Amino acid sequence: MTDQWTAAGLYGATPQAPSYVGAPTQALGTDEVGTGGWRRLVDPANPLVWFGIALAVTVGLIGVAGSVRLGPARASLSVGE
Amino acid sequence: MRAVATPSAPLIQGIASPNYRVDPAKFYPNTRRMRFPMRTGTAINGLGGTDSVQLRQTGIVAGLELRVYGTLTFGGTIAGTSMSTEWPLNIIQDCRLSANGQSNLMKCKGLTLRAAEIVSNPKLSDDGLDRAFGAATVNSGTLAFPTDDWGTFGANNLGPGVTVAATGAYTVDLAFFVPVASDQVSLIAAIFAQSQATNLTLEVQWATQNQILTLGGAATLATALNWAVTGLVYSIPNVGGEFVVPDLSMFHQIAETRFGGLVQGRNEHLLPGTGVGRRLMRVLQQVVSNSAPVAVNATNFTAIGWAYGGSDTPEVYPNGQEARVAAWRVAGVDLGARWGVILHDFASQFALRDLVDEGATSDLRVFEELVAAPTAGATQIAQETLFAAPVGA
């Protein structure tokens, strides 16, 4: 915006809140709680969740192990041991 | 299921509107100035009557051109017939413009409209134009335009305080400009009209016969006056898929108030309607004695100024003559000599520096010191103000 052509620039008027440019009206009136705050942190859609899991596995904080046996054949897999 | 809120409609000047972007830099090169009739020439509703027109809901309205024209036909025996000192400009006794819920953005007489136009447009001048004024013919300070016809029938002319010389049909043609935007360049305070929700109404109250003339006992008068309104409107351009508008966050107001009971010595008038968020651009004041303007000079005024708070007096002219000179320097027209217009101007030279912030000047008032007590003394005070759009008038 060219300041010299605004009421603030020409007349020193206090700039008005631009209710009509990108106003955050989306947050109003939803019937769902939890689109923000701590729930967003644990939302699987949040990439940080997966980064955190990978980090925890790497440092050994969490792990998972399992094995499968079918007759003489046996397979096992472990992550984070 | 996640519900998505429907965004509330964006607002411009309190009116729900599609998505517009305030972007003066893109608006000015892309808009188109338009001029079209809002009211084609129509007979007025008679002297003392009121006419109104609802303006078209298009674009951004920056101003209205108002024309009053027709004839005054005097018949019978003309003796004892004279025009009042309100003729011709105050044929408009009250010009009222309401817009988008803001009642009375304009509320003033024709003389104030003319003086405000002259002050805000220094190109306009009345110098060298002969006009009948009282018993004389004068050529400066009349506030006349060369395009004006103040009443002409052959060699006879009408004017303020002029005795009507002969019966006949006198032609009249007067032009007024209603400044909707505070500045015709930046268009700040123009009115957003591009919406079905908008409501713009111009109402004109015409002077009564007694306000503009005294009719001799055996004289008759037939008026055939018309009015026409032309809108000065700017289109809302679409730039890169977005509609852009200039800064419309303010409204522009000229509101006139009358104070009576003037006395000899100091008279102070508290300006009505001041408040936070409002900025005073100009005050146009006229003192009348027995309905005739009191000329602004050293003989009539010993001081003119404005003040606020307890006794803060930022500007005072030591006599009327100096106030008159200061007004002439700003306007290029001698406002005070004949029409008695006192001007306090805060907008013409450098508005950013000079405008009076009404939020910081409580009890804002103007004052004048009169040498003599006027007869039935009264003063008309017109305030030209800018205020934030969502705030009430």
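What radius of gyration would a compact globule with 393 residues have, and what does chain B have? A compact globule of that length would be near 21 Å, and chain B has 22 Å, which agrees. The radius is taken over C-alpha atoms, and the globule rule is 2.2 Å times the number of residues to the power 0.38.

The model is predicted: local features need pLDDT of at least 70, side-chain atom pairs count only at pLDDT 80 or more, and totals for chains, interfaces and linings use all residues. Residues are numbered from 1 along each chain as its sequence is written, while chains are lettered from A and ligands numbered from 1 in the order in which they are written.

The C-alpha atoms of chain B fill a box of roughly 85 × 50 × 35 Å along the principal axes. Chain B holds 5 helices and 30 strands. These are DSSP runs, numbered from the N terminus (helices: H or I, at least four residues; strands: E, at least two). Buried residues make up 44% of the 393 residues. A residue is buried if 20 or more other C-beta atoms, placed from the backbone, lie within 10 Å of its own; it is exposed at 12 or fewer, and partly exposed in between.

Chain B is divided into domain 1 (16–248) and domain 2 (249–393). The bounds come from an automatic or database domain assignment. The centres of the two domains, taken over C-alpha atoms, are 22 Å apart. Their contact takes 33 residues from domain 1 and 32 residues from domain 2. Two residues are in contact if their C-beta atoms, placed from the backbone, lie within 7 Å. On the domain 1 side, β9 (102–108) and α2 (110–120) each give two or more residues. The largest share, 7 residues, comes from β9(B).

The largest nonpolar core has 111 residues. Such a core is a set of buried Ala, Val, Leu, Ile, Met, Phe, Trp, Tyr and Cys residues joined through C-beta atoms within 7 Å. Strand β6 (residues 60–76) gives the most, with 8 residues. Both domains of chain B give residues to this core, so it lies between them. B:Ala190 is among the residues with the most contacts inside the core. Beyond its neighbours within four places in sequence, B:Ala190 touches residues including B:Ile60, B:Val61 and B:Leu248.

Three strands of chain B form an open, mixed sheet in the order β3-β20-β19. Strands pair if DSSP finds at least two bridges between them. β3 (20–22) and β19 (238–239) each have a single partner strand, so one side of each lacks a neighbour in the sheet. β3(B) runs parallel to β20 (residues 242–245), joined by 3 bridges. There, B:Val22 stands opposite B:Val245.
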